[in-house]
Amino acid sequence: MEPLANRLPEGRFEIGKDGAGLLVVGYDGTDPSRNALAYAAGLARRDRAGLLVVFVECLNSAALWFFAGSPIIPDPAEDLIEDLREEMSHHGVPWRFVSVRGDAARELESLADTYRADAIVVGRSRSPWHTSVSRGLVRHARRTVLVVP
């Protein structure tokens, strides 16, 4: 995994910079998240920015309930990391992968706050029967949210 050398704020946060310095990308391996990653990587390459690629495992995940009695709990993020390494090798931008558990919209916003990201990029939800991450972010985020189809 490439480090985000000189991209994550370490007292060097610049307000009013022309272009992005860091983009947070929600990624879970689905087609919409792959589209969001590709779009964000293109923006990052043009702006010479970094990417914080985030996988959020929902606490109400069926996998957690199914494996609750098992001594081995699967780590879906481990399954994604190899695919992500392959995907990111084509983009040529600095990136870091973070895996967290919780509410996806809240976790993405919290990480964007922590790392002082310029924007959050997510894929559009294709599930009409529940509240989407993108909808929650658009309504409540305190920074730019890009929703990629």
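Trainee: At 25% relative accessibility, what does Arg34 count as: buried, exposed or partly exposed?

Mentor: Arg34 counts as partly exposed, because its relative accessibility is 25%. Buried means under 20% relative accessible area, exposed means over 50%, and partly exposed lies in between (1.4 Å probe, protein chains only).

First, the ground rules. This is a predicted model, so local features need pLDDT of at least 70, side-chain atom pairs count only at pLDDT 80 or more, and totals for chains, interfaces and linings use all residues. Residues are numbered from 1 along each chain as its sequence is written, and side-chain values use heavy atoms, with hydrogens and water left out.

Now the partner. The Arg34 side chain forms a salt bridge with that of Glu87, at 3.7 Å from N to O. Arg34 sits in helix H1 (residues 31–47) and Glu87 in helix H3 (residues 76–88), so this pair ties together parts 53 residues apart in sequence. A salt bridge here is a side-chain nitrogen of Lys or Arg within 4 Å of a carboxyl oxygen of Asp or Glu. Helices (H or I, at least four residues) and strands (E, at least two) are DSSP runs, numbered from the N terminus. Glu87 is also partly exposed, at 22% relative accessibility.

Ser33 is buried, with a relative accessible area of 4%. Its side chain makes a polar contact with the side chain of Asp28 at 3.0 Å. That term means a pair of N or O atoms within 3.5 Å; within protein, one must be able to donate a hydrogen and the other to accept it, and residues adjacent in sequence count only if both atoms are side-chain atoms. Leaving aside residues up to four places away in sequence, Ser33 touches Gly26, Tyr27 and Asp28. Contact means heavy atoms within 4.5 Å.

Back to charges. The structure holds seven salt bridges. One of them joins the side chains of Arg101 and Glu57, at 3.0 Å from N to O. Arg101 lies in strand S3 (residues 95–101) and Glu57 in strand S2 (residues 50–57), so parts 44 residues apart in sequence are tied together. Glu57 is buried at 6% relative accessibility, while Arg101 is partly exposed at 42%.

Another joins Glu109 to Arg143, at 2.9 Å from N to O. Glu109 is in helix H4 (residues 104–114), and Arg143 is in the loop between helix H5 (133–140) and strand S5 (144–148), 34 residues away. At 8% relative accessibility, Glu109 counts as buried. Glu109, Asp113, Arg142 and Arg143 form a network of salt bridges.

Look at H4 around Glu109. Its buried residues are Ala104, Ala105, Leu108, Glu109, Leu111 and Ala112. They lie on the same side of H4, because they cover an arc of only 165° around the axis. That arc is taken from the directions from the helix axis to the C-beta atoms. An α-helix has 3.6 residues a turn, so residues three or four places apart point the same way. Arg106 and Thr114 are exposed on the other side of H4. The cover over the buried residues of H4 includes strand S1 (22–26), S2, S3, strand S4 (119–123) and H5. Just after H4, Arg116 takes a positive phi of about 55°.

The chain has five helices and five strands, in the order β-α-β-α-α-β-α-β-α-β. Of its 149 residues, 41% are buried.
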